[in-house]
Amino acid sequence: NHARRVSYISGKCAHEIGADELTAAVGGLYYRLGKVLGRPEIDNAVRVATNYCFPSDVIEILEEYGAKNRVPHSRESAIVHMVNALVTKLELMDESTMSVDWNEDMLIYQTLNEFSNSGVYDEANLSMNQFLKIREMLVQEGIAL
């Protein structure tokens with residue numbers, strides 16, 4: 001369910017800014033492949049994706065998982081990074097905490113603003129205008145889609 005949600009929302013965000021919807025959706029679907037395969041997570045995900053001839057832009061998204069070894073280098077990778085982080089945080093919150101839309105909105109604003117301030121998307125070819133469009137879409141439509 002997590003992967004499907006990240007995939008769907010990532011595709012919608014990519015569409016919003018004119019990025020490659022399919023790459024973002026596929027990257028979102030397989031983003032946590034390494035967690036399923038075990039340690040070393042990123043290496044295992046990249047190995048399996050390479051062995052199964054995934055497109056290079058999707059493999060790059062897997063290489064940039066969580067911005068642990070490398071920050072996102074494409075708009076699609078930045079989108080998947082954002083959406084995965086938000087969906088993960090939302091899943092960790094209990095229902096009473098997130099029962100008010102305001103709480104979800106604040107979670108989105110706070111999380112994305114922290115990422116933006118850290119510079120994690122500086123190499124992703126993502127303009128400030130595109131970042132703001134994504135953030136506003138996530139707030140308006142919610143990440144619980």
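Predicted model: local features only at pLDDT ≥ 70, side-chain atom pairs only at ≥ 80, totals over all residues.
Visitor: Let's start with helix 1; what span should helix 1 have, and what are its end C-alpha atoms doing?
Guide: Helix 1 covers residues 2–17, and at 1.5 Å a residue its 16 residues should span 22 Å; the end C-alpha atoms are 23 Å apart, which agrees.

Visitor: Which residues of helix 1 are buried?
Guide: The buried set consists of H2, V6, S7, I9, S10, G11, C13, A14 and I17.

Visitor: And what do those buried residues pack against?
Guide: They pack against helix 2 (21–30), helix 6 and helix 8 (128–141). Just after helix 1 comes G18, which takes a positive phi of about 80°.

Visitor: You mentioned helix 6, so where does E76 sit?
Guide: E76 is found in helix 6, which runs over residues 75–92.

Visitor: Is E76 buried or exposed, and what is the nearest side chain of opposite charge?
Guide: E76 is buried and yet has no salt bridge, since the nearest side chain of opposite charge, that of R75, is 4.5 Å away, whereas a salt bridge calls for a distance within 4 Å.

Visitor: Which backbone nitrogen lies 2.8 Å from a polar atom of the E76 side chain?
Guide: That is the backbone nitrogen of D20. Not counting residues up to four places away in sequence, E76 touches D20 along with A19, T23, A24 and I61.

Visitor: Switching to cysteines, how many disulfides does the count come to?
Guide: The count comes to zero disulfides, the rule being a pair of cysteine sulfur atoms within 2.5 Å.

Visitor: Fine, then C13 and C53: buried or exposed?
Guide: C13, at 0% relative accessibility, counts as buried, while C53, at 65% relative accessibility, counts as exposed because the threshold for exposed is over 50%.

Visitor: What does helix 4 pack against, then?
Guide: The buried residues of helix 4 pack against helix 3 and helix 5 (56–63); helix 4 itself spans residues 41–51, and its buried residues are E41, I42, N44, A45, V46, V48 and A49.

Visitor: Last one, K35: where does K35 lie, and what is K35 in contact with?
Guide: K35 lies in helix 3 (residues 33–37), and, leaving aside its neighbours within four places in sequence, K35 is in contact with E41 and Y65. At 44% relative accessibility, K35 counts as partly exposed.

Technical notes:
Residues numbered from 1 in each chain as written. Heavy atoms only, no water. Helix = DSSP H or I, 4+ residues; strand = E, 2+ residues; numbered from the N terminus. Buried < 20%, exposed > 50% of the residue type's maximum accessible area, 1.4 Å probe, protein only. Lys, Arg positive; Asp, Glu negative; His and termini not counted. Polar contact = N/O pair within 3.5 Å; in protein donor to acceptor, adjacent residues only side chain to side chain. Contact = heavy atoms within 4.5 Å. Expected span 1.5 Å × (residues − 1).
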